[in-house]
Amino acid sequence: MSKIPFPSSKTLILAIILFSIFFNLKTKIWNGPIISSDSFNYYSYLPATIIKHDLTFSFLDTDKVTPFHNLWLYGTPNGNRIIRMTMGVSFLESPFFFIAHFLAPLLGYPQDGFSKPYVISLSFSPLFYACLGLIFLRKILRKYFDDKIVMLTLLATFCATNLEHYCFIEPLMSHAFSFFLFAALLYLILDFFKSPAWKNSILLGTVTGMIILVRPTNILVLILPLSIGILSWNDIKNRIRFLGNNIKYLITILLFLVAINIPQMLYWH
């Protein structure tokens, strides 16, 4: 009797994608209030900029029925209103927003940022980034473990953590987006340590900047390049020497990290 073949990690990722699409099609998530609470604040940059053309939210003084009244806006001393959440999640959601923005009038829905095409499209954004994160995680793990271990690890990561919850139940929170960015960061750090170059320096700075822009408390991630793989005092010395020998790349990383966050600084200013 032949053995049932053990599924590969690639097959698992494909199965997760197909299951997730089916789950989204069969559940209330498309009709549920997914644009609410913190999710609304993360997302609000897009409809406020593209549809209302007003990040000062002065339209709230005259429009009494807009969903934007549910935002937790912060009043500044000069009378302006600002979004307290950062704009990183909205950057990552933007491709899905623009798809919905294009399709809404063609399907007979208003281009208001909240009609069903927007809800449907946005509900797939965390799944997309979670699967990208699993792909990066697979690339990392395959360097050290056989495919069976990798498959089981990916399965546990998706099903036994809160990643699944933030793909389906609260899909527009920052968590699934952060998972993708952290997995990409870890992959890029290992690649940088193996062979530092301009390309991975730019990508490393961009991804690190996005991690901070998605959730500023994630700035603690800057500890990771200094600590990953450190097992002894000799490792610390070698790491300091390595970073010193590649100072031009470190400056590049820092410049792109800061550049990614400049729009947020300008907005809050």
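**View 1. Phe57 lies in the loop between α3 and β1.** This is a predicted model, in which local features need pLDDT of at least 70, side-chain atom pairs count only at pLDDT 80 or more, and totals for chains, interfaces and linings use all residues. Residues are numbered from 1 along each chain as its sequence is written, and side-chain values use heavy atoms, with hydrogens and water left out. Phe57 has a positive phi of about 60°, although it is not a glycine. Is Phe57 buried or exposed? At 0% relative accessibility, Phe57 counts as buried. Here "buried" means under 20% relative accessible area, "exposed" means over 50%, and "partly exposed" is in between (1.4 Å probe, protein chains only).

**View 2. His53 and Thr56 lie in the loop between α3 and β1.** His53 is not a glycine, yet its phi is positive, at about 55°. His53 is exposed, with a relative accessible area of 64%. Thr56 is partly exposed, at 39%. How far apart in space are Thr56 and Thr217? They are 25 Å apart, C-alpha to C-alpha, and 161 residues apart in sequence.

**View 3. Asp61 and Arg81 form a salt bridge.** The term stands for a side-chain nitrogen of Lys or Arg within 4 Å of a carboxyl oxygen of Asp or Glu. In this pair, the closest N and O atoms are 2.6 Å apart. Asp61 lies in the loop between α3 (45-51) and β1 (73-75), and Arg81 lies in strand β2 (residues 81-83), so the pair ties together parts that are 20 residues apart in sequence. Asp61 is partly exposed, with a relative accessible area of 46%. Arg81 is partly exposed too, at 26%. How many salt bridges does a search of the whole structure find? The search finds three.

**View 4. Asp147 forms a salt bridge with Arg142 and another with Arg138.** The closest N and O atoms of Asp147 and Arg142 are 3.7 Å apart. For Arg138 and Asp147, the N to O distance is 3.9 Å. Arg138 is buried, with a relative accessible area of 17%. Asp147 is buried as well, at 18%. Arg142 counts as partly exposed, at 40%. Which residues do the shared partners join? Arg138, Arg142 and Asp147 form one network.

**View 5. Helix α6 is largely enclosed by the rest of the structure, because 12 of its 17 residues are buried.** The buried residues include Leu127, Tyr129, Cys131, Leu134 and Arg138. Ser125 and Leu141 are also among them. How far apart are the end C-alpha atoms of α6? They are 24 Å apart, which agrees with the 24 Å that 17 residues should span at 1.5 Å a residue. The expected span is 1.5 Å times one less than the number of residues. Helices (H or I, at least four residues) and strands (E, at least two) are DSSP runs, numbered from the N terminus.

**View 6. Helix α5 (residues 116-123) is largely enclosed by the rest of the structure, because six of its eight residues are buried.** Which residues of α5 are buried? They are Pro117, Tyr118, Val119, Ser121, Leu122 and Ser123.

**View 7. Six residues form a nonpolar patch on the surface: Ile99, Phe102, Leu103, Leu106, Leu107 and Tyr109.** Together they have about 620 Å² of accessible area. Such areas come from the Shrake-Rupley method with a 1.4 Å probe; for residues, only the protein chains shown count as cover. A patch takes residues with over 30% relative accessible area and no salt bridge; like charges are joined within 9 Å, and nonpolar side chains (Val, Leu, Ile, Met, Phe, Trp, Tyr) within 5 Å. Ile99 is found in helix α4 (residues 88-106). At 46% relative accessibility, Ile99 counts as partly exposed.

**View 8. Lys10, Lys139, Lys143 and Lys194 gather in a patch of positive charge on the surface.** Lys and Arg count as positive and Asp and Glu as negative, while His and the chain ends are not counted. The place of a charge is NZ of Lys, CZ of Arg, CG of Asp or CD of Glu. Where does Lys143 lie? Lys143 is in the loop between α6 (125-141) and α7 (147-159).

**View 9. The chain has 13 helices and two strands.** Its C-alpha atoms fill a box of roughly 65 × 60 × 30 Å, taken along the principal axes. Buried residues make up 43% of the 269 residues.
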